[in-house]
Every structure is written in structure tokens, then in C-alpha cells.
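Hi,

Here is the structure I promised to pass along. Have a look at it first, and then read on for what turned up when I went through it.

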Amino acid sequence: MAAATKTVALGPEPARADDGPRTVGRRGSIRYDYFKDESELGSIIAMIDKDLSEPYSIYTYRYFIRGWPKLCIIAYDEDQEDKMVGVIVCKADHSRRQRYRGYIAMLAVDTTLRRKRIGSSLVTLAIREMVAIGCDEAVLETEITNKAAMRLYENLGFYRDKRLCKYYLNGVDAFRLKLWLKDVSDCSDVVAARKQQEEAAAVLAASRPSAGAGAQT
Amino acid sequence: MDGGEGEGGEGERGRWQDATAEVGALCEALGLGGMVMREGFTLQESMNALELMSPKMDTGMNADAYEDLAHRLAKGKIRVPVESLEELDWVAAQVLIRELAWHDGHLLAASVYACAHLCPQTQSLLKPFVRDLFKRWQDQQPDTPAPASKSEKRSATANTAKDTSQPFALLEDDTDEVVLASVSFVLFTSIIKSCGVARLCIRRGDIYEEEDWSSQTFGLPLGENSDVPGTLEMINFAQDVLRAAQASGRKAFAGKCERIAQHLLFRALYLQALHEMLRPNIEGWSTAEKLWAQMAELVPVVGPASVSDIEPQERWKAAFDADIHRKLLASAPPRAGPTCETAPAQLAFANFIADMQTACALRNTDTLFAMYNALMRFSRRTPSIVVRSLVMLMLYCENELAMGRIAYEGWIMDDLQAYGVPVHLRETEECRNYAKFAVKHMYDVLRMLLANRARQRRNIANLLPDWAAMQQEAELYDHMAFVKANPSLPRLEDMTREQLRENMHFYMGSWATEWTIRLMLHHLTLGFELDLYNINEYAAVFWYGQDLMARFLANRDETTKFNMELLNRLTRSAEDSSLPKKAQRSAAARCVGLRKLIGEQKTNIALVKERLCVEVERLCLDGLLRFVIGLAKAGRFPPPQLEFGSDKIRYNHRFTPYSYLAMPRFLPYESFAQVTNMENYETRQLLENAALFLEKARSLLASAMKAPNMTDVEKAYFKALFKVVISNNVNVTRALESVDKPLPEGARPHVEAQFPSAKDSCFFPVIVSKE
């Protein structure tokens with residue numbers, strides 16, 4: 001309904017002044033850090049591998065994490081000696097239509113710490129990074145039966161953009177969820193197309209003979 | 001490694017080079033987390049990489065536990081040939097379940113060929129049993145005469161000396177094993193061949209997407225269309241052998257021959273039907289229709305459920321294992337195989353045959369709009385890719401005619417006539433040129449309806465920009481056609497506004513707008529069916545939907561109104577003695593044509609029904625819109641608190657596909673916000689209005705369901721919509737009763753959408769307020 005949805009800043013708080021450069025946010029005892037190096041990769045894979053229905057090779061993890069280290073955010077529980085309790089892995093690049101798109105590839109949270117907003121915090125922080133680098137939208141796929149995931153993302157403003165039949169190897173359909181970060185007219189592909197049109201119009205205008213030229217002769 | 005120097009250098013495509021030295025050197029320089037990779041290493045390449053020995057990815061991982069088919073046969077875990085006709089009966093039904101799974105997108109190797117009996121190694125074991133018997137049978141068959149010339153016919157001599165008067169009989173040497181092997185071989189061969197012909201149908205139709213059907217055969221054999229006559233001959237052989245076995249009184253064949261004969265009959269009919277449907281220009285479709293009708297009678301007899309009284313032995317079940325082809329499937333990540341439950345498979349089988357019968361009946365469709373409606377109904381049944389592919393072949397035959405007989409141009413011209421374009425405009429070259437221009441776009445619309453439901457929505461979003469172009473072209477052609485058909489009138493540029501309004505109507509433009517709105521409404525309602533809408537966007541969807549429906553009705557009404565006014569003006573002109581006789585005659589002739597056109601429109605049942613449906617649905621959406629706004633106003637629908645995006649951004653993106661169009665004009669967010677601003681309304685007023693609209697919808701539906709000329713499908717839809725309207729009305733009444741009461745302490749109100757009539761293809765929601 002008109003003006004019904006309130007836009008508020010929720011999610012984790014920013015890093016404290018005495019936090020290291022890798023820390024990107026906090027919520028209670030949970031500290032959220034950017035990916036550091038290969039030494040974390042084994043734990044990340046172990047955490048994600050448990051929950052995912054699809055098999056990923058180590059190259060897939062490296063593709064994301066090495067390509068977009070600031071879009072890989074890890075949750076550590078300071079009350080449990082900095083145990084890794086959650087991770088999100090994303091990327092950002094241009095779609096076929098040249099829209100700058102953030103993609104959430106993987107999200108996993110320690111099963112003993114569910115429903116403590118760790119998942120939504122990780123997603124929120126990742127989207128904030130995407131906004132900071134100028135993404136037009138954030139996208140992910142999830143099984144249509146994964147009600148918990150859909151609730152999490154829809155509570156953050158994601159909508160179901162498409163239904164993908166038999167998307168997963170287990171034959172289950174998927175929803176492509178999308179969070180639109182910019183209005184249509186501000187998206188990269190639209191801005192680029194508009195700029196192209198303006199440049200073409202300018203070239204055309206410049207190539208036309210001026211109105212006074214004929215009069216002068 | 002691209003551009004590598006030294007011994008290896010940059011390799012040519014397809015030439016192996018040893019890169020050990022280069023990779024070794026690069027690895028020496030790697031830091032922690034470093035990776036040697038080709039430039040442009042993409043996500044697709046990383047996803048396709050297999051980690052060897054990973055059980056999640058490496059299909060061949062548990063090699064120790066794997067026994068290939070040769071081992072299983074050698075150990076007697078699978079017996080070839082089958083031991084009894086009862087086993088064959090059970091096996092045939094199980095293969096049918098997997099065949100349907102293959103149609104549904106499962107890998108051939110994991111579905112049909114999960115049956116060991118069909119595998120080439122097993123079939124080759126049967127050949128020695130069959131060879132001699134088949135030859136003896138063939139020798140006994142009457143020669144099939146070659147097409148004779150007239151002179152050969154005149155001097156025809158007696159037939160060859162084959163004795164075809166006696167039925168085929170078995171000899172003592174033809175053991176039970178030989179008989180079972182022969183019949184099995186033929187039945188399994190016919191299954192393989194029919195899968196091959198089905199594959200040909202799908203490839204020729206060329207509408208499948210990766211989720212519809214997997215074209216990978218992994219080298220497993222399938223038949224070709226040219227194999228059909230030979231396979232039918234073999235089926236005849238098997239049927240004769242069964243008859244002979246029964247006649248011989250052998251115990252092993254008492255009681256079950258008939259069932260196997262029916263399996264064989266089904267396969268013969270199925271092969272013949274597909275073969276007929278592949279003939280050019282749908283020449284064989286009327287024959288195929290009869291064959292499908294015969295197959296429909298066999299559904300209870302040969303379907304998966306027909307063997308539910310048989311208790312399979314363990315050795316029978318051992319012949320079904322998708323793991324048999326683990327080595328073949330090792331290059332792909334492990335996928336879930338078909339579930340193979342009997343009841344759903346029986347239903348799928350019955351639906352498959354019924355869908356084929358429906359597909360055959362489509363060829364008798366005469367008008368474009370009727371075909372559109374028929375395909376809309378057909379698509380809701382979610383037919384298999386085999387059926388959809390054949391319908392595609394019907395829609396675009398080798399001579400580029402629909403159903404081998406209708407030119408799309410002519411179809412479009414007829415549709416323009418049905419819409420209300422007068423004959424004096426239709427006769428212009430401009431109108432014909434527009435119809436030619438519209439052919440591809442109209443064909444794309446029909447093709448879109450043969451995609452799966454999720455793809456249809458995406459395809460419509462891709463079609464709408466094309467229809468924007470259709471509208472632009474239509475306006476141009478309207479202009480040109482009008483000028484040509486009315487030479488006595490001033491040029492359009494010289495006409496006053498009143499003259500324009502009186503004389504000019506964008507007929508072709510309005511026709512294009514009507515089709516555009518049809519596509520948009522289909523796109524919108526598919527969103528409900530596919531469960532795409534968040535409850536928070538229902539108000540926008542309802543609002544846009546009811547507006548589209550209003551514009552659909554207004555668009556058609558404008559054309560009808562213009563035609564009536566034109567008729568009045570022409571009638572006056574025909575009777576105006578001050579005009580030249582030629583002008584009077586011309587006006588009179590146009591009157592006749594226009595009167596006939598208006599009469600035809602009033603009696604065009606399809607258009608009248610469509611109008612009724614749109615009116616009812618519009619009332620329903622109007623009611624639902626007021627209901628959800630009323631609930632929001634009453635605090636039963638708290639808005640989500642979001643950090644990212646805004647209502648406006650989400651609205652604009654959701655309805656972006658509609659923004660390409662000139663007609664209907666895109667409804668901006670500001671209009672939606674203004675109309676649905678809760679501050680303009682009282683809660684009770686909103687809910688009461690909701691009830692009013694829903695009651696109007698209910699009343700109109702009640703009369704519609706009693707109207708004559710309603711088909712069973714239409715009645716079922718209206719009945720389903722009726723239930724939705726009643727349920728919503730009940731919920732509105734409940735909301736009215738509780739609207740003034742405060743919410744209980746700690747209550748977390750929310751609103752849900754339920755779809756109780758989805759099975760009747762009615763995807764209008766029932767809105768339920770919960771606490």
C-alpha cells in the first residue's frame with residue numbers, strides 16, 4: 001500500500017572503533033569479519049557443505065572468495081573463543097543485460113545458533129557492501145520448499161522474481177529472489193543506454209548544418 | 001597457461017601439450033590461497049569442475065560397491081529371459097512408469113534404461129532365441145506385393161506358393177523359454193523404438209528447455225521413425241506367437257497371454273500414432289486420433305496400476321536399478337532419480353493419453369482466438385513435452401500453414417474481422433500488410449503457450465516489447481488504410497479534432513491493444529499460480545489487474561461504439577438524397593457490411609464469454625483490493641520494516657515488463673500510491689465496498705454458471721471462482737465484525753493468501769486475516 005513500508009536501518013551495528021580492519025559489524029557477542037585468507041577456507045567449506053544440497057568443488061569456493069573477498073563475511077562467536085558460526089559467500093558482476101548484480105551464492109549458520117538473527121545479519125552486511133560498490137540488485141536462488149530461507153530473505157525485502165522449474169539436481173523447483181536496490185531508471189544498464197542515446201543524439205545534432213549557414217551565403 | 005612460454009607455448013585448440021614445467025614454476029611462486037588458473041576462469045567452469053573421489057560429485061566414487069550389468073547377469077542376479085508372462089507383465093508396467101519419468105525430464109539412463117532388460121547386452125542375449133522363430137514366422141507371412149504397374153496387374157499370375165491359410169503354430173522345439181524370450185525381445189524392442197520416435201517428436205517440435213527434457217542418451221540406443229514398420233511387423237510376430245502358445249495349451253501361458261497381447265497392442269498403437277503424427281502437414285492426425293482413442297481403452301489394462309495385484313519377486317525388482325549405468329553417468333554430478341510410485345504414474349499415464357487426444361482435436365480449431373483459448377486451457381493441464389512438441393508441429397507445418405491448411409495471415413484477417421474491423425478497411429492493402437507483419441508475433445504468442453508454465457511468464461515479458469512494436473505499426477497502418485478507404489474526406493492532418501473523432505478509429509491499434517492486454521493478464525495471473533507474489537504486493541497486483549481488465553473492456557467497447565456511430569452516419573448518408581448517387585450507394589454498401597459485422601460480434605460466443613469472464617474477474621479483484629487495503633488500515637496487515645529498497649522501487653521493477661507499451665499506458669507508482677492511500681478512506685467503508693464488489697461478482701457468476709453454451713471446463717472454472725468469491729466474502733464479513741475491536745495483547749496479526757481452487761486452475765487467492 002502507499003507509503004506503508006517503512007525503510008529503517010536494522011541489522012547488525014557497525015564495527016567498534018577498537019575493532020580490527022576486517023571487522024564489518026557486530027550484534028551481541030557475534031562479530032562479523034571479512035574473509036582473511038586460505039586458512040579460513042577449510043572451515044568455510046565444512047560449514048557450507050553440511051547444509052547445501054548441491055555439490056560444489058573447491059574451485060567454486062575459491063572463485064567467489066578470491067574474486068570478491070569483501071563479499072565473503074564470516075560470523076565469529078566471541079563467547080565461544082571466536083568459533084566460526086556463520087558465513088555468507090557472494091559476488092558482484094554484470095548480468096547479460098549489463099545490470100550490476102550482487103549474487104548471494106551460499107549462506108550457512110551453525111545449527112546450534114539458529115534463530116539468533118545471524119543469518120539475517122550476514123545477509124544485511126553483504127547487501128550493505130553491495131550497495132557500497134554500486135550494485136543495482138541482489139539475487140539468489142532457493143528451493144521453493146525452503147520456507148525458512150524465504151522468510152529470512154523476504155523479511156529483508158527480497159521478492160520472488162522468477163520460478164525455475166526443476167532447478168536443483170533433486171528435481172525441486174527454485175525461486176529466484178531479488179532485492180531491488182535502485183529504481184529502474186537508475187540501474188546501470190538503463191543509465192548506460194540513456195547515455196548512449198544522448199551521445200548519439202549529440203553526434204547527430206553536431207553533424208547537422210547550422211540554421212544560419214545558408215543565410216550567410 | 002594461456003600465452004605460456006617455453007616448451008609448451010600456447011596450445012592450439014584440440015592439441016594436448018605437456019604443461020608440467022610451467023605449472024610447477026607457477027606453483028613455486030604461489031602464496032597461501034593462491035591459485036593457478038586460466039584467465040577468464042568463470043563460475044561455470046568452477047561449477048563444472050569435479051572433485052575426484054568426492055562422494056557428492058564423483059559418481060564413480062563407490063566403485064567397490066558397484067556391479068555392472070555383466071556381473072549381475074553372470075551371478076544370476078538378473079535372469080534373462082524373464083521366467084514367466086506374469087513377470088513380463090510386471091516389468092512392462094514398471095518400464096512404463098520410467099518412460100513417463102523420462103518424458104518428465106529424468107535422464108534416459110536413469111529412467112527407461114534403468115531396466116536391465118532393455119539394455120543392449122541383455123537384448124543381445126535374447127536374439128539367439130528369437131532368430132529362428134522369427135524367420136519361420138516371416139516365411140509363413142503372405143508376400144507384400146510391390147506396387148504393380150498396369151500391365152503387371154493385367155497379367156497377374158497366381159500368388160506365390162506360401163501357405164497363409166493356417167495360423168502360426170509352435171513346434172516342439174519351440175520351448176517355453178524360446179517363446180518367452182521372443183515375446184520379451186519384441187516388447188522391449190518396441191519400447192526402445194517408441195522412445196526413439198518420441199525423442200524425434202520432441203526434437204522436431206524444438207520447444208523444450210533443459211528443465212523439460214534431457215536430450216542426453218549417453219550412447220544408449222533409441223529407435224528412429226524409419227524403424228516403425230519393421231517394429232510393427234515384429235509386434236505382429238509376437239502376437240502370433242502368443243496366440244500359438246495359448247492354442248497349444250501350454251501351462252506356462254495359460255491365463256496371461258491376453259495381458260501381454262494388450263501390452264503389445266498398446267505399443268503397436270503408440271508407435272503407429274506417433275508415426276502418423278509425424279507425417280507432413282498433419283496428414284496422419286485423424287488416423288492418430290482414432291489410435292489414441294483405442295489406447296485410452298487400454299489405460300486401465302496396461303497402466304502401472306494394472307499390476308498392483310502382482311507381488312514381484314526380489315529377482316524381478318533387481319532388474320530395475322539406475323545404478324546399472326553409473327559408469328555412463330560418471331561425467332555428470334549425481335542427480336535424484338524418478339520416484340516411481342504407482343498411483344501418480346497411473347494418473348500421469350491416463351493424462352498423457354487424454355492430452356494426446358486433446359492435441360489431436362486441436363487440429364479442428366478454426367479461428368485464431370479459439371486456438372488461443374484452446375491452448376490456454378491445454379497448457380493448464382501441464383501436458384508432457386512429447387504432447388506439446390507435437391502440437392508445435394501442428395501449429396507450424398512444413399508448408400508454413402497452421403494445421404497444414406490455414407495461413408496465419410488469413411487467421412489474423414479473420415480475427416480482425418471478429419474484433420470489428422469493417423470490411424472496407426480490411427480490403428485495403430494496408431490491412432493485409434499489417435496482417436502479414438503480425439504473423440510472426442501471433443505465432444510467437446501461440447508458441448509461448450506451449451512452454452512450461454514458469455517459462456511462459458518469462459517468455460511473455462520478452463514478447464511484450466514486440467507487441468509494443470505491433471501497436472506502433474498498427475497505428476501507422478490504421479492511418480494509411482483509413483486514408484485509402486476514405487478518399488473523399490480531408491487528409492487526417494487537415495481534419496479538425498471533431499472530424500477525427502467522428503471518422504477515424506484505430507481499429508488495428510485497438511486489436512493489437514486487446515491482444516496485448518490478454519498477454520499482460522496472463523502474465524499477471526501466472527504470478528499467482530507460480531506463487532511469486534509477496535503478500536505485501538497484493539494490493540499493487542490487484543490494482544493493476546483490475547485496471548487492465550477495465551481497459552480491456554473499454555478498448556472493446558470503444559470499437560463497438562464507434563462502429564455503431566459509424567453505422568448511423570452511413571445510414572444517414574445512404575438516405576441523403578443531396579449526396580451523389582455513387583456516394584449514397586457506397587454508404588449503403590458499407591452499411592450492409594457493418595450491420596453484418598456488428599451482428600456477428602454480438603453472436604460471437606467466444607468473445608461474449610471472454611467479456612463475461614473479464615467482468616467477473618474484475619469485480620473479484622476490485623473487491624480483493626478494497627479488502628487488503630481495509631485490513632491494512634485496520635492494523636491487521638502491519639507493513640514490513642525494511643532497510644533496503646522502497647515500495648516505489650519494488651513496484652517499478654515488478655511491473656517493468658508493462659513499461660514498454662504505449663497501450664495500455666504504464667501505471668506509475670504515484671497513481672497507485674494516490675489511489676490506495678489509506679488516509680483517503682475509512683476502514684469500515686473499505687470493507688463494506690469490498691463486500692459489495694464481491695457480492696456483484698457472486699451474482700454475476702451465479703447467472704454465468706446457468707448460461708447456455710458453457711462448456712464443462714468453463715463451468716468448472718466459474719464454480720471454482722465462485723467458491724473463492726464466497727470465501728473472501730465470508731472473510732470480509734468476519735473482518736467487519738472485528739474491525740472495531742482492539743487486538744488482543746501480544747497478538748501478531750498477519751495476512752495470508754490461500755489458493756483453495758488451484759486444482760481447478762483458478763488462481764485467485766482467498767485472503768485470510770490471522771492473529
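Predicted model: local features only at pLDDT ≥ 70, side-chain atom pairs only at ≥ 80, totals over all residues.

A polar contact here is a pair of N or O atoms within 3.5 Å; within protein, one of the two must be able to donate a hydrogen and the other to accept it, and residues adjacent in sequence count only if both atoms are side-chain atoms. With that rule, 9 residue pairs are in polar contact across the interface of chain B and chain A, both partners being at pLDDT 80 or more.

**The interface**

The largest share, 7 residues, comes from α24(B). Sorted by class, this side of chain B has 26 nonpolar, 15 polar and 15 charged residues.

In total, 56 residues from chain B and 54 residues from chain A take part in the contact. The size of an interface is often given as the accessible area lost when the parts come together. For chain B and chain A the buried area is about 5,000 Å², and carbon and sulfur atoms give 61% of it.

How many salt bridges does the rule find across the interface of chain B and chain A? There are 3. One of them joins B:Asp104 to A:Lys166, with the closest N and O atoms 3.6 Å apart.

**Chain B on its own**

Chain B has 771 residues, 51% of them buried. Its secondary structure comes to 27 helices and 3 strands, and its C-alpha trace spans about 100 × 90 × 70 Å along the principal axes. Of the contacts in chain B with a separation of 6 or more, 79% are between residues 24 or more positions apart.

**Salt bridges within the chains**

Over all chains, the structure holds 68 salt bridges.

- A:Asp189 and A:Arg99 pair at 2.9 Å, N to O. This bridge links distant parts of the chain, with A:Asp189 in helix α5 (residues 188-207) of chain A and A:Arg99 in the loop between β5 (83-94) and β6 (100-109), 90 residues apart. Both A:Asp189 and A:Arg99 are buried.
- A:Asp93 and A:Lys91 form a salt bridge at 3.0 Å, N to O. Are these two side chains buried or exposed? A:Lys91 counts as buried because its relative accessibility is 9%, under the 20% cut-off. A:Asp93, at 24%, is partly exposed.
- B:Arg491 and B:Asp494 meet at 3.2 Å, N to O. B:Arg491 counts as exposed because its relative accessibility of 52% is over the 50% cut-off, whereas B:Asp494 is partly exposed at 47%.

Chain A also has a network of salt bridges that links A:Asp19, A:Arg22, A:Arg26, A:Arg31, A:Asp33, A:Glu40, A:Glu78 and A:Asp82.

Definitions and conventions:
Residues numbered from 1 in each chain as written. Chains lettered and ligands numbered in written order. Heavy atoms only, no water. Contact = heavy atoms within 4.5 Å. Buried area = accessible area lost by both parts, 1.4 Å probe. Salt bridge = Lys/Arg side-chain N within 4 Å of Asp/Glu carboxyl O. Helix = DSSP H or I, 4+ residues; strand = E, 2+ residues; numbered from the N terminus. Nonpolar A, V, L, I, M, F, W, Y, C, P; charged D, E, K, R; others polar. Buried < 20%, exposed > 50% of the residue type's maximum accessible area, 1.4 Å probe, protein only.
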